[in-house]
Amino acid sequence: PHPVHRFFFVPTHSMALQVCIDVMASANNRDIFATAVGLMEKYFGNVIGAPSEDKFKKIRKTNKIYERDVGACFGCDEVFKAAGWREEGEFWALPPDASLDLLSETLTALKAKVADMDGEVQRKADAEKAKAMQRVAEEQEMKSRMAQLFDADKEARKDPNWKAQVSAARDKKGSESVGRVAA
């Protein structure tokens with residue numbers, strides 16, 4: 001290694017690729033990101049599955065499906081470049097010496113990011129569900145306590161010596177003309 005590397009952090013290509021994917025994921029909502037990844041998976045998978053087929057090594061950027069699914073996703077250009085694709089006018093072109101391992105690594109990282117985003121969505125949904133269940137449990141507990149108080153009051157009223165307890169309460173104007181019954 002170069003002697004300077006002992007003093008400075010030198011990012012690897014995998015790190016740069018992951019940063020591009022992270023930027024792409026954070027700049028778009030989950031649905032836009034996942035849709036773009038789905039089409040990129042098809043493009044990259046075609047090349048990986050049939051590396052000798054030149055037709056899979058060119059993607060027309062003006063294609064309606066590309067524009068709708070990938071072109072609308074901020075950061076895709078950087079991921080294409082990091083995966084080895086080159087811009088040639090209105091096309092993305094994969095050079096003949098492009099690494100299939102790099103395409104495969106990119107595809108794996110993209111799928112993992114979608115799975116992470118899906119997991120985060122599920123965690124948030126689970127947390128919201130838990131909060132809602134907690135609120136319901138608290139409401140049921142409060143209703144139960146109120147029912148016990150009403151039952152106790154009902155029983156107390158059966159006693160022939162029971163008398164309503166009235167305390168003075170203030171109306172909106174501050175006078176003590178309003179009576180309040182206390183059990």
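K111 is partly exposed, with 39% relative accessible area. In this predicted model, K111 forms a salt bridge with E41, and their closest N and O atoms are 3.6 Å apart. K111 belongs to helix 5 (residues 100-158) and E41 to helix 2, so the pair ties together parts that lie 70 residues apart in sequence. E41 has a relative accessibility of 32%, so E41 also counts as partly exposed, the class between 20% and 50%.

**Helix 2**
- Helix 2 covers residues 30-49, 20 residues in total.
- From first C-alpha to last, helix 2 reaches 27 Å, close to the 28 Å expected at 1.5 Å a residue.
- The N-terminal end of helix 2 is capped by N29, which has a side-chain oxygen 2.9 Å from the backbone nitrogen of D31.
- Buried residues of helix 2 include F33, L39, M40, Y43 and F44.

**Other salt bridges**
- The whole structure holds 11 salt bridges.
- R60 pairs with E90 in a salt bridge, with 2.3 Å between the closest N and O atoms.
- This pair links distant parts of the chain, 30 residues apart: R60 is in strand 1 (residues 58-60), and E90 is in the loop between strand 2 (86-88) and strand 3 (91-93).
- D153 and R157 meet through their side chains in a salt bridge of 2.7 Å, N to O.
- D153 and R157 both sit in helix 5, four residues apart, or about one turn of the helix.
- R157 is partly exposed, at 46% relative accessible area.

Terms used
Residues are numbered from 1 along each chain as its sequence is written. This is a predicted model: local features need pLDDT of at least 70, side-chain atom pairs count only at pLDDT 80 or more; totals for chains, interfaces and linings use all residues. Side-chain values use heavy atoms; hydrogens and water are left out. Helices (H or I, at least four residues) and strands (E, at least two) are DSSP runs, numbered from the N terminus. The expected span of a helix is 1.5 Å times one less than its number of residues. Buried means under 20% relative accessible area, exposed over 50%, partly exposed in between (1.4 Å probe, protein chains only). A polar contact is a pair of N or O atoms within 3.5 Å; within protein, one must be able to donate a hydrogen and the other to accept it, and residues adjacent in sequence count only if both atoms are side-chain atoms. A salt bridge is a side-chain nitrogen of Lys or Arg within 4 Å of a carboxyl oxygen of Asp or Glu.
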